[in-house]
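Subject: Structure handover

Hello,

Please find the structure below, for you to take over. My notes on it follow.

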Amino acid sequence: MILLNGRETADILNEKLKEAVLKLPSQPKLDIILIGNDPASESYVKGKLKTAESLGMIVEIHNLEDRVEERIVYDLIQKLNHDNSVNGILLQLPIPKHLNSELLIESIDYKKDVDGFHTMNQGLLFQKKKGIRPATPQGIMMLLDHYQIPIEGKHAVVIGRSQIVGAPISKMLLDRNATVTITHSKTTNLAEITKQADILIAAIGKAKFVTKDMVKQGAVVIDVGINRIDGKLVGDVDFESVQGIASYITPVPKGVGPMTICALAHNLYELYKEQKGE
Ligand code: NAD
């Protein structure tokens, strides 16, 4: 069994990106909107800030209070949309329930949509056209490619169909000629399907959900889940039981997480180049 080390891979890819950023005429700038004091969101934002700054990018964080009015967030996004010094805008999710996340994401100029969540970028993905891809699926593809894991002709089973992970990773695997099965909370006989997977992607949000009886011998297992049990991070895959069966597996932490941030930084670089006509 080979560990798909996201931390190490991200470090290697980030080093190359850093060299490319150094050659740009100015520093790409990312503006992050962080609403409230959710500790998990704060920690994700800190990770994004640290990585982007280490790559020579500029990050500005806009901290807004938990009870902020939607109009204030909307106006801030408009201001950033029109600010030529801003190359990427990221609204850290989840946001408080009184705010309409769909409306706010749609209000981001899709040419600054570093997360790739805007309808325009999702549409470009589903039409197989150039655009910004959501960072987590993009990071997974970069990880598979770094380890030279064959995708074409393989049966990929994705557990989860969210707009930020399950749906886009399914399309990206399909575009690389995998045969893709998408499963979700209403799927019956889930284990029968997952047991057919050459590549199994778990993006559910339930700790240790995928157990060894759900995995085929030799499968490549990608664990997207981030769950907290007694302050400890665990994935959607029961790592202990599955590691003896999988040929490759991502750990949690240090698997998909660092690759997501790596892909985000690459997205910012691409947005910068697109905006400046580089
Ligand atoms: P989500 O809640 O939007 O979607 C979960 C999906 O799981 C749904 O499509 C649902 O149908 C499916 N599901 C739920 N119960 C199921 C069941 N019993 N059987 C089969 N499918 C079931 O979650 P999300 O935003 O896609 O995130 C999934 C997980 O990935 C979470 O733990 C999240 O924290 C994590 N995540 C990690 C990163 C990262 O960078 N590592 C990025 C994004 C999300």
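Leu30 has Val59 in strand 3 as its bridge partner. This is a predicted model, in which local features need pLDDT of at least 70 and side-chain atom pairs count only at pLDDT 80 or more, while totals for chains, interfaces and linings use all residues. Residues are numbered from 1 along each chain as its sequence is written, and side-chain values use heavy atoms, with hydrogens and water left out.

Strand 2 (residues 29-35) and strand 3 run parallel and are joined by seven bridges. Two strands pair if DSSP finds at least two bridges between them. Helices (H or I, at least four residues) and strands (E, at least two) are DSSP runs, numbered from the N terminus.

Three strands in the order 3-2-4 form an open sheet with parallel pairing. Strand 3 (58-64) and strand 4 (88-91) are at the edges with a single partner strand each, so one side of each has no neighbour in the sheet. On average, neighbouring strands of this sheet are turned by 15 degrees against each other, direction ignored. Axes here are lines fitted to C-alpha atoms, for helices over the stretch in contact, and angles run from 0 to 180 degrees between N-to-C directions.

Strand 5 (residues 155-159) and strand 6 (residues 179-183) run parallel, with five bridges between them. Within this pairing, Ile159 is opposite Thr183 in strand 6. Together with helix 7 (residues 166-175), strands 5 and 6 make a right-handed β-α-β unit. A crossover is right-handed if, with the strands pointing away from the viewer, the path from the first strand over the helix to the second runs clockwise.

Two bridges link strand 8 (residues 220-223) to strand 11 (residues 248-249) in the parallel sense, and Val220 is opposite Tyr248 in strand 11.

**An aromatic pair**

The count is one aromatic pair, where rings of Phe, Tyr and Trp (its six-membered ring) pair if their centres lie within 6.5 Å, and planes under 30 degrees apart count as stacked, over 60 as edge-to-face and the rest as tilted. Tyr147 and Tyr248 form this edge-to-face pair, at 6.5 Å centre to centre with 70 degrees between the planes. Tyr147 is in the loop between helix 6 (135-146) and strand 5, and Tyr248 is 101 residues apart from it, in strand 11.

Why does Asn267 count as buried? Its relative accessibility is 6%, and buried means under 20% relative accessible area, exposed over 50%, partly exposed in between (1.4 Å probe, protein chains only). Asn267 is part of helix 10 (residues 256-276). A polar atom of the Asn267 side chain lies 3.0 Å from the backbone oxygen of Val114, and the side chain of Asn267 also reaches the backbone oxygen of Arg133 at 3.0 Å. A polar contact is a pair of N or O atoms within 3.5 Å; within protein, one must be able to donate a hydrogen and the other to accept it, and residues adjacent in sequence count only if both atoms are side-chain atoms.

Leu125, in helix 5 (residues 119-126), is buried with a relative accessible area of 1%. Beyond four places in sequence, the contacts of Leu125 include Arg133, Pro134 and Met172.

Regards

Technical notes. Contact = heavy atoms within 4.5 Å.
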